[in-house]
Amino acid sequence: AADSPPAAGTVLLGRYELGGLLGRGASAKVYLARDLLTGRSVAIKSFPNPRAAASATGDRPVAIEREAGILRLLRHRHVVRLHEILATRKKVHFVLDLAGGGELFSLVDASGRMTEDLARHYFRQLVSAVRYCHARGVYHRDIKPENLLLDEAGALMVADFGLGAVATATDGAAEDGSLLRHTMCGTPAYVAPEILSRKGYEPAKVDIWSCGVVLFVLAAGYLPFNDASLVNMYRKIYAGRFRCPAWFSPALRDLLRRVLDPDPSARIDADGIVAHPWFRHGASDEELGRLMH
Ligand code: ADP
Ligand code: MG
């Protein structure tokens, strides 16, 4: 079948020796591989080739091309980098930086939550990546735990621009609807209220909202908006109704109120986050400058 796994040990293009499965998402499987030319480990994200006859279920070619086009625009220490693309008859492979440290949220699972200082450490890296992308007109639109990885040294890497969008000259809202479809059947807990209302949205604000949910989860160990009933969860998201745990500092509470503001026009932006006292706490301008450029 078109989606049968390539055997471990297979060498792609005489250069990349495939190893085990690292993870899978809705659109692709990701394998560990060794670059025989450099000796380095890489990740290979394999899609069923949409041009293969057997792959009626595969992504449309435009979706893969769009993801590749976005990745080619980005070069940042906290964004997974695309090295090259290989196409075989049945597959399209992205050769990516390896995020060998697993998912960011594995750190939360172990202890239930993290200290505010550690949450700030990762949140700074996330915001530096998001701010970089936004400055280049790229919006991720799917910021959530499975897409936030760590490299071998423990630095955060934003992955999976499969739902990403690029600003156009006429940009405003109306997207193609793929985010809506995806989030409705995926994890709605990270979705901004203006997406639920289906009235169109600014993708930058949607990313900021998701970053706020991620920050809350890191520091609290649970979701800000949650309910056994999906409808009730949506109500809480619409209303921006959440409660901070007792141990959150006043500065963190203040920042979260501004990020998880259900009114997108009032919501803080990436520059505002960087200027916020909680974000700057304990760091020199020089340190922050290094992170943010
Ligand atoms: P999809 O677009 O199908 O969601 P992703 O790009 O999110 O695919 O990859 C699926 C999973 O594979 C991720 O959640 C992660 O666990 C793993 N993964 C993705 N990229 C890498 C990478 N560069 N290094 C290590 N693991 C990765
Ligand atoms: Mg994914």
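Two strands pair if DSSP finds at least two bridges between them, and the close-up views described below, taken from a predicted model, begin with the sheet to which this definition applies.

View 1. The predicted model contains 11 helices and 10 strands. Of the 293 residues in the protein, 38% are buried. Among contacts with a separation of 6 or more, those between residues 24 or more positions apart account for 59%.

View 2. The strands follow the order S1-S2-S3-S4-S6-S5, and their pairing is antiparallel. Strand S1 (11-12) and strand S5 (82-87) each have a single partner strand and stand at the edges, so one side of each is left without a neighbour in the sheet. In general, the strands of a sheet pair through backbone hydrogen bonds, either parallel or antiparallel.

View 3. The hairpin formed by S1 and S2 has three residues between the strands, and Leu13, which lies in the turn, has a positive phi of about 55°. S2 in turn pairs with strand S3 (residues 29-35) in the antiparallel sense over six bridges, where Leu18 stands opposite Ala33 in S3.

View 4. Helix H1 (residues 61-73) lies across strand S4 (41-48), S5 and S6, and runs at about 155° to S5.

**View 5. The shell of residues around ligand 1.** Ligand 1 is surrounded by 22 residues, of which the closest are Gly23, Gly25, Val30, Ala43 and Asp160. Strand S2 (16-24), S4 and S6 each supply at least two residues of this shell, and S2, with three residues, gives the most. Sorted by class, the shell around ligand 1 has 11 nonpolar, five polar and six charged residues.

View 6. Because 27 other C-beta atoms lie within 10 Å, Lys45 is buried, the cut-off for a buried residue being 20 or more. When its neighbours within four places in sequence are left aside, Lys45 is in contact with Ala28, Val30, His93, Phe94 and Leu96.

**View 7. Ser265, in a loop between two helices.** Ser265 is found in the loop between helix H8 (250-259) and helix H9 (270-275). Ser265 counts as exposed because it has 8 C-beta neighbours inside 10 Å, and a residue is exposed if that number is 12 or fewer. From C-alpha to C-alpha, Ser265 and Thr115 are 31 Å apart in space, while in sequence they are 150 residues apart.

Conventions:
Residues are numbered from 1 along each chain as its sequence is written. Chains are lettered from A and ligands numbered from 1 in the order in which they are written. This is a predicted model: local features need pLDDT of at least 70, side-chain atom pairs count only at pLDDT 80 or more; totals for chains, interfaces and linings use all residues. Helices (H or I, at least four residues) and strands (E, at least two) are DSSP runs, numbered from the N terminus. Two residues are in contact if their C-beta atoms, placed from the backbone, lie within 7 Å. Axes are lines fitted to C-alpha atoms, for helices over the stretch in contact, and angles run from 0 to 180 degrees between N-to-C directions. A residue is near a molecule or strand if its C-beta atom, placed from the backbone, lies within 6 Å of it. Ala, Val, Leu, Ile, Met, Phe, Trp, Tyr, Cys and Pro count as nonpolar, Asp, Glu, Lys and Arg as charged, and the others, Gly among them, as polar.
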